[in-house]
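Hi there,

Here is the structure I promised to pass on to you. Have a look at it first, and then read my notes below.

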Amino acid sequence: MGDWRTDPTFAMCRALVDGADLASFVGGAFDVRAVVAGIRPETKRAFLLDAVPWRNFPHGDRAREAAHRLHTGDTSARRATGVLGGLCANDSRAAAALAVPFLIPIATDVHHPHRADALGVLSAPARARHFGIASRDELLVHRTDPRRHAPDDYDDYGVEVTGYPAGWSVAAARAAITAETPVLLPLLDDPDPTLRIDAAYALATAADPDHTVRTAFATRLAKECDALVSAALLLAAAETSRADPHPPTALWIRERWQDRTLAPETRLAAAIGWLCLTDVPVPEDLRHTFDILATDVRAQAMDALPWMAAAAGSGEPGLLCCVRRMLHLEEPEPDDAPWASLL
């Protein structure tokens, strides 16, 4: 790819940088929300990628090629998901959001060889946050920085590295997942526990005004035998409730970390989820729960959960990052520790 500043796919972004009014692009060809909403069901079913204006969005050709490789079962499919995930990690998710409607049919096709790969990456553009976030204020929040107050036109998300409005990308991806919630919910009962975890991770980004998704998480948890999947269901329920507050869910999650009959991974996930849903001081019994259950070995195992993998940083497992940033604010970041003796 050439210099992005001369690439025609960045026309809107350059215009915005030059002072164009964002409102002038609402609902148009450069509004990924409108484009995703306009993709017809038959277009998704037949995988008609050329019916979508990929070139209107930064890195659109790369996202289209990645979606194509996944659909065809290309042997380089893993690299394709790396492309889509990499765009999101690099804060350039507009084109990845455009791929979401095409990833869902792959993920829900029980015969597709790369359904797990598609499911694992399809919700990446629905979360505009950086890796390494593990505080109560920021974990499970889908904005880039919930403390930042961007201009109203940008919905407090600001812009991506390309200059594209980050909130538009996130909204488009979340809307695509919400629209396909009925076909994604059965994945919570998939025989493969990894798929159940990734299904919970994806469904946590869906709008849930009638609590259908939260009810499905609770229903699955009641019969779930895998401790890590149970942990995923609780983190997913907490994330959903963080986007759309629901006090009964917060109470239900609190009861889970207090239940000593549950697996340690389940209780730890519930404790983290509950902390993110409340601003009350950390109860002593919760501190004790972490002291006893949050071992190094368990923390390494829980990095199989995408929430914990994203929270990890500087060689520190995600669970231990959460414990440090939620319960021990006085402790330095791991990178800072080597310098402490020199101060």
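Helices H12 (residues 227–243) and H14 (residues 264–277) have axes that come within 8 Å and cross at roughly 10 degrees, which makes H12 roughly parallel to H14 (angles under 35 degrees count as that). Axes here are lines fitted to C-alpha atoms, for helices over the stretch in contact, with angles from 0 to 180 degrees between N-to-C directions. Helices are DSSP runs (H or I, at least four residues), numbered from the N terminus.

By the way, this is a predicted model: local features need pLDDT of at least 70, side-chain atom pairs count only at pLDDT 80 or more, and totals for chains, interfaces and linings use all residues. Residues are numbered from 1 along each chain as its sequence is written, and side-chain values use heavy atoms, with hydrogens and water left out.

Who touches whom? Residues of H12 including Leu228, Ala231 and Leu235 meet residues of H14, among them Ala269, Ile272 and Cys276 (contact means heavy atoms within 4.5 Å).

H14 has 14 residues and reaches 20 Å from its first C-alpha to its last, close to the 20 Å expected at 1.5 Å a residue (1.5 Å times one less than the number of residues). Because 12 of its 14 residues are buried, H14 is largely enclosed by the rest of the structure; buried means under 20% relative accessible area with a 1.4 Å probe, protein chains only. Those buried residues pack against H12 and several other helices, including H13 (247–258) and H15 (284–293).

Leu305 is also worth a click: leaving aside neighbours within four places in sequence, Leu305 is in contact with Ile197, Leu228, Ala231, Ala232 and Leu235.

Cheers

Methods: Helix = DSSP H or I, 4+ residues; strand = E, 2+ residues; numbered from the N terminus. Parallel < 35°, antiparallel > 145°, perpendicular 65-115°, else oblique. Buried < 20%, exposed > 50% of the residue type's maximum accessible area, 1.4 Å probe, protein only.
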